[in-house]
Each structure stands twice: as structure tokens, then as C-alpha cells.
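Hi there,

Here is the structure I promised to pass on.

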Amino acid sequence: MSPNFRIAFRFLTAKKRAMTMSLACTIIGVGLFIVTQATTSGFEEFFIKTILGTDGAMRIQDEIQDTIHAIKTSETSDFTVSAREEGRKYIEGVQEPTQIIEALANFANVSGASAVLRGNIQVRSSFKNESAQIFGIEIDQHVKVSVLKSQVIEGSLDVFRDTPSGVLIGSVLAARLHLQVDSSILIDPLNQQPARRYRICGIYETGVRDIDKSRVYVRLSEARSLLKKPTGVTFIQLNLNDPYRAPQDALHMEEVLRHSAEPWQEREKSWLSAFSALKISSGITVSVFTLIAGLAMFNTLAMIVLEKTKDIAILRSMGYERSDITQIFLWQAVIVLAVGIVAGSLFGGGATYAISQMPLPRGGITGIFATKHFIVNLTPWHFVEASLTAIVTVMVASLIPARRAARLEPGDIVRGTAQ
Amino acid sequence: MAENRTIALRCTNLHRYLGEGEGRVHVLKGVSFEARSGDVYAIVGPSGCGKSTLLYLLGLLDQPEEGEISINGQLMSNSDDAARTAARGEHIGFVFQFHFLMLEFSALDNVMMPMRKLGKLTPDQMTDRAHQLLTSVGLGEKTHRLGTQLSGGEQQRVAVARALANQPSIILADEPTGNLDVKNSSIVFDLLTRLAKENGQAVILVTHNPDIAGRCDFTRPMRDGLFV
């Protein structure tokens, strides 16, 4: 054990109350930082999982047509060439979905593709009418790009597969229209065509309220007939092996397929930004505890400097250098930090686990996802971030009294005139 | 006989001012002094005459405005803080009036502290030497007592042992018996001088006590910042 560390340890343990205060603040600061980051990122991860499982990692939609600007070959000639790209024009929908899906099979990251035809409809039950959207899908394709199978809470996907006039409707829409499995509904395609009757084969719940209150799945062939669109689809929904590579893949796909490709990060930008802001804001809020830990450490060390001026003079008279004095005080901060980070991490990890077991009030959350419990996502990075925040705050706060102690002149102290 | 001994410490024409502005006082007005190894010097004089200020300058705890200080022939008055600190650790031992023990540490730890910084001995050698020094000041049975568990006289004896820990060539003592009763004063003074003489160290002590001063080899009275 180095002499400076030995002295630091004794100085610190002699100020038990002040040291306990600094330590408690460090533990709380580190622990709560871990808890808030784990819960915020837990909900964010769950949201991402929900939207990936519902709307896929990417959508290939409108066809791209470059608009070309003609330029003259010379001032005197009328001869022109089409040379400069002026902009882009989009043609709504995917006209050749089969060819595009075949082409998509060449992308290594693509694990599934499903053609979807979408249109606005009116759903009528014996109770009331509701506006909604019809999603025409090939069920066997769609289960490869979504978790629709696990989202069905009543009825069966197999019955839907085997029933030409079968539909799957969202739980909110079903509740609003007072519908159950095997109920029948009328779907009005809003295009002068007569309404058709369908049977409810299943009720699904994604947890995303906007989807659950408006989306009705039917077979793709039925959607074509209802919407009078014999060819083409609205978009192709993709599942990716690595969804976090979606933005890079989207750029590549746009170049190759000449269709716009929208990754989930772009599609859900507003929610993801909200989660990021929430994570930063909760981090800042909780950092107040770490800041208090820094102030408490500053206070503790400043008190020790004031009380130990004679000891500092003794040490300096015995040959201890200014850097030794600085080290003695910084070691005290390091001891508090080491104990605080270890204890704070245990506290944070334990509290995060306890929170993950807690039921949410009023039966849970629905809206952007559905859960009955707090969702946490505890990663080593949360411990690293919490530790770094505590280290920076406490060490910066400790540097001032440590440097002040080192600047003390031993002659002034023993003469009793130290300022 | 004193002429044959080496000069451990020499200062010439030391000037020192304390305070600032109108309160600035010319405390030392050109003091010159030398101390030889194995001799015990007493600096005496009324309060405020500059005795302690001189002692702190000699101990390199403070710097003069003018004049020179040499330790074992090496000019130290103009050296930087690191060199003066190193010289203090190796060549100078201090005994202060108010013991100045580090109270959270045991007597043994207090004596070992200068040795740990100098780092010339192994941990076992340090422990042995500290035990030996504490035994020589009569505290062999109390080596593990904290500073707070020792009486004033015992604390000052630990301070004497600590001052001798690195076998310095110079011992500086600022009223080492000023806070002790007659019996303890005599014990501490005898210890300090006996151990210093055994090791050939120069001892310079500031004292108000005429009995103590009278038992030193040399007495240098001071008045108004000068030796008289």
C-alpha cells in the first residue's frame, strides 16, 4: 500500500459522517442512472420490437422516375442531349411486386418480403360504422415479415388462411364495433362498389393503438377485387436479419430497384426522437444526484483540507511533495468513487430487476405498445455510462480542494497564518 | 573541539518580511548563523523577535527575501520547491511545540511516515527502526497506540522519534518543551540531545525556557530580528 493511499484512507475514515454522505450520493447517483437508462431504453427497445414485428424493418413503395433536363450541345446548334438529372418523380405503388420480391431475394440481409395492398374503407357492424384501412396480404408471406401470428389474441390465423371471406381486425376496432370472432361485418370500399360481407376469423392486438383501431387484414386477392386493383401493390414489407442496417440497405435498394425504400428508423423517426430525448432528459435529471455527490465530495475534501492543514504541514516538513498532497486528496475521491460505483451498480442492477417485476398501474400501457409490466433493458453500457458520469463529476469536484491543499505553504501553517 | 566538526547548516544575511502593505514587518534583519554537527544550539529571545521565523527559514519551510542558506554545504535558499522538499526529507528533522502528530495514526505509523516517503529502507527495516526509536524514547510498549491515546509528553516523545527517523543531519525544534510540564520537558530535552549527539546531528532549538537554554552547548540570544 502506497504511503499516500494509506494516509488518504485514514483521513477519509476519520470523517465518517461526511464520507458517508458523499458515498451515499454517489451510490444513489450511479444506481438511479442505471435504473432510468435501463427502463427508458427498455421501453424504447420494446417499441422497436413492436413496430418491427408489426410493420417490418423496411417498406419498398413508390417507383422512382428520374426527370431529365435537356441541354444544348452548343449555343449555335439546336441539337440537345438528355444529360442532367433534375429531380425525381414517384409513381405511386409497386407495379411489379413479384419481380421486385425476386430481386429482393438477392439482398443477403433480407429474410422475408410480403406484398401489401392498402386502401381506405368503411367497416359496418350492426352496432355502428368506423373508418378503417384494409390491408390485403398473402398470409404465408406476411407471417415471415411480422409477428402477426403471436399478435392474434382471439380466433385463428389458420382459419383466416382457409376462409376466402375471412378478415383479421384490430382489438380496438373490434371493441368499438362490438365484434367477436365469427361475427360478420360489411366492408364498404368507398369506390362506388357495393359493400361486401366478411367473417371475423381473428382479433389481433399489436399494442399500437393507431393500428389496432384501424387496420383490417384480408387476403390479397380479396383486397384486389374490393379495391378494383387487379395488379400492383401499395408496398412490399420487408424483414431484415439485421434491422439496424436498414438505412444502408435502403440506399442500396433504391439504386438497384428504382423504388423508394423507407427504413423503420425513418418511418418511426418522431417516436425514436421522443425516446432519445426522454433518455437524455432522464439522464440529466438523474445526474443531479451525481452532481450532489460531486458537491458532497467537494465539501468533504474542503473540510478535510481545513481540518488537516497542520497534518499537511507535517507531511510537507517530512519531505512529502505538493504532488503527494494532491494525490492524498485525490485518492480519497478514488476510494469513495470505487466503493460508490460498485455499491451503486449493485443497487442499480437490483433495483432494475425489482422494477422489471413490478406490474404497471391500471393494468398496463397501450398506445405505442402493450405491456403489463415495466420493461427494462440492462446492458453493460448503462453501468459504464453511470460510472463515467460519477467519475467525471466527483474527480472534477475533488480537484479543487486537492490543489488548494497542495498550494498550502508549510511555513505559513506552522506560523498559524495559513489562509 | 567544535572547530573540527563539519558545518551542517549555515545562513548568511537573512532578511524576512511578514505581512503586507502597512502591516508589513521586517522580522529578520540580516541574520547570520552556523551550526555544526553534534552541537546543540538554543535560540532565545522575547516573543516576536524572529526566532521561529528564522527556524522555519533554516528548515526550508519558508523562503527569505534576501540571504543564503546552505545545508551540508549545498546552497538551498534559491532552490525550487521540489529540491527544498527533498532536502527536508533527507537532511532535516522537525519537532514542533504542539507535537503535530497525525492523530489518526499509531505512534509506529507516525514514526514510519518520513521513512515511507524517503523509501530507503524495506518495510521490515522501517518497522524495526521505528520500534527501536520508540523504545529509545521510552514508548516501546505503546507503539500501536493512536496519537489520541497518548499523553502530551508521550506525543512529544513520538515527535522526537519521528524527527530522528531518517537520520537527518539537522534537528530543528520549535519550543519542543513549551507545552510540557517540568518533568516531561526535561525528559524530552534529554532524549533529543542524547540521541542527536549519539548520531552526530546538529540540534537547533528555539526556547523560552532558560533552564533548557542553559543546558545547550551554545545559546544565541535574539532581539528585534538580529542576534545580540
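Below are the conventions, then a helix and a cavity.

This is a predicted model, in which local features need pLDDT of at least 70, side-chain atom pairs count only at pLDDT 80 or more, and totals for chains, interfaces and linings use all residues. Residues are numbered from 1 along each chain as its sequence is written, chains are lettered from A and ligands numbered from 1 in the order in which they are written, and side-chain values use heavy atoms, with hydrogens and water left out.

Helix H3 of chain B (residues 107-118) is largely enclosed by the rest of the structure, because ten of its twelve residues are buried (under 20% relative accessible area, 1.4 Å probe, protein chains only). Helices here are DSSP runs of H or I with at least four residues, and strands are E runs of at least two, numbered from the N terminus. The buried residues of H3(B) include Leu108(B), Val111(B) and Met112(B). Their cover includes H1 (3-14) and H13 (309-317) of chain A, as well as H4 (123-136) and H5 (152-163) of chain B (contact is heavy atoms within 4.5 Å). Just after H3(B), Gly119(B) has a positive phi of about 70°.

Of the 15 residues that line the largest cavity, Met318(A), Ile92(B), Gly93(B), Phe94(B) and Arg162(B) lie nearest its centre. Strand S6(B) contributes the most to this lining, with three residues.

Happy exploring!

Methods
Buried means under 20% relative accessible area, exposed over 50%, partly exposed in between (1.4 Å probe, protein chains only). On a 1 Å grid over the protein atoms alone, a cavity is a set of points where a 1.4 Å probe fits but cannot get out, and a pocket is an open set with protein on both sides within 12 Å along at least five of seven lines; lining residues have an atom within 4 Å of a point.
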